[in-house]
Each structure stands twice: as C-alpha cells, then as structure tokens.
Amino acid sequence: MIDSMILQPAVALMIWTMIMWVWMYATRIPAMNKAPGIENPANLVGSTGASLRQELPEKVSWKADNYNHLHEQPTLFYAVAIVLAITGHGDGQHALLAWIYVGLRVAHSLIQVTANKVIVRFVLFALSSVVLIAMIFHAATIVFGYIE
C-alpha cells in the first residue's frame, strides 16, 4: 500500500465534488419542477444543461457550472497527486501544496455557488492554478530525474 499524505487532499476534493453534485441536484430538481417553461420534468427528452439554463434561475445554474468546473482543472491535480505519491514524494511540502489547492478550490466553489463574484472567483482560480503549476513543476523535476 502506498503511504502518502498527498492522497488525503485528493480524496477530500473528490468528496467535495460529490457534495457539489448533491447540492446541484438538491437545487436543480425543485427548480425544474417550478419552472414555468417545463411542463413535466419527468418527460424531458434530449435536454441538455444548456437548454435548461434558459428555464432555471441563475443561482441554480451556478451549482451546475461549478460541478463542471470541478471536472476540468482538478483532473490535473489528481494526476500530479498520484505521480507524487507513487514516486515517494507525496508528503511534506507537496502534501501541504495539495491541501492549499483543495482549500482554494473549495473556496472557489463556495463563492461561485453563492455570490458568484467573478473577480473573487478569478483570484481564487488564479491562486489555485499557481499552486497546481508548482506541484506539476515539482513532479516534472522528479520524473525527469532532476531530484532523487
């Protein structure tokens, strides 16, 4: 078994993603039932999230937007966390960076699904991106043999 602290923040972000999934549907399904343009949500055929966006309040769509965002850049986070774990570098500063990344992504989620202030979201996204870049850089130096 791989004993690496970096796997904890990776799993924590997975848990957070599923919390956002529950939050998304807990708001989306009731909104669909109330939407005047949707006669019977159970009979919808071939609809997409984009077509539903026109019928649902923006605050409901924000949850779906964030859920989608948690499947974009974080995929790189999961990959780099696994690389660092299997190379024996998933503890110490790398685990700390991973927790910082997760904290910034959770903060980004909370801003996006509540107030949705774009500048705040951007700053949080940019900061998390810098942390992720640092993690990828460290992984590259390990994988390409610059660090033992």
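**Exercise 1. Determine which residues make the nonpolar surface patch of about 470 Å², and where Ile29 is placed.**

Step 1. Met18, Trp21, Val22, Tyr25 and Ile29 make this nonpolar patch of about 470 Å²; patches are built from residues with over 30% relative accessible area and no salt bridge, like charges being joined within 9 Å and nonpolar side chains (Val, Leu, Ile, Met, Phe, Trp, Tyr) within 5 Å. Accessible areas come from the Shrake-Rupley method with a 1.4 Å probe, and for residues only the protein chains shown count as cover.

Step 2. The model is predicted, so local features need pLDDT of at least 70 and side-chain atom pairs count only at pLDDT 80 or more, whereas totals for chains, interfaces and linings use all residues. Residues are numbered from 1 along each chain as its sequence is written, and side-chain values use heavy atoms, with hydrogens and water left out.

Step 3. Ile29 is found in helix H1, residues 7-34; helices (H or I, at least four residues) and strands (E, at least two) are DSSP runs numbered from the N terminus. Ile29 is partly exposed because its relative accessible area is 45%, where buried means under 20%, exposed over 50% and partly exposed in between (1.4 Å probe, protein chains only).

**Exercise 2. Find the salt bridges of Arg53 and state how accessible the linked residues are.**

Step 1. A search of the whole structure finds 2 salt bridges, each being a side-chain nitrogen of Lys or Arg within 4 Å of a carboxyl oxygen of Asp or Glu.

Step 2. Arg53 forms a salt bridge with Glu58, with the closest N and O atoms 3.4 Å apart. Arg53 is partly exposed at 30% relative accessibility, and Glu58 is also partly exposed, with a relative accessible area of 41%.

Step 3. Arg53 and Asp65 meet through their side chains in a salt bridge of 2.9 Å, N to O. Because Arg53 lies in helix H2 and Asp65 in helix H3, this pair ties together parts that are 12 residues apart in sequence. Asp65 counts as buried, its relative accessibility being 19%.

Step 4. Taken together, Arg53, Glu58 and Asp65 are linked in a network of salt bridges.

**Exercise 3. Describe helices H2 and H3 through Leu52 and through the span of H3.**

Step 1. Leu52 has its place in helix H2, residues 49-53, and counts as buried because its relative accessibility is 9%. The C-alpha atoms of Leu52 and Ile38 are separated by 8.8 Å, although the two residues are 14 residues apart along the chain.

Step 2. Helix H3, residues 58-69, has 12 residues and reaches 16 Å from its first C-alpha to its last, close to the 16 Å expected at 1.5 Å a residue; the expected span is 1.5 Å times one less than the number of residues.

Step 3. The buried residues in H3 include Val60, Trp62, Ala64 and Tyr67.
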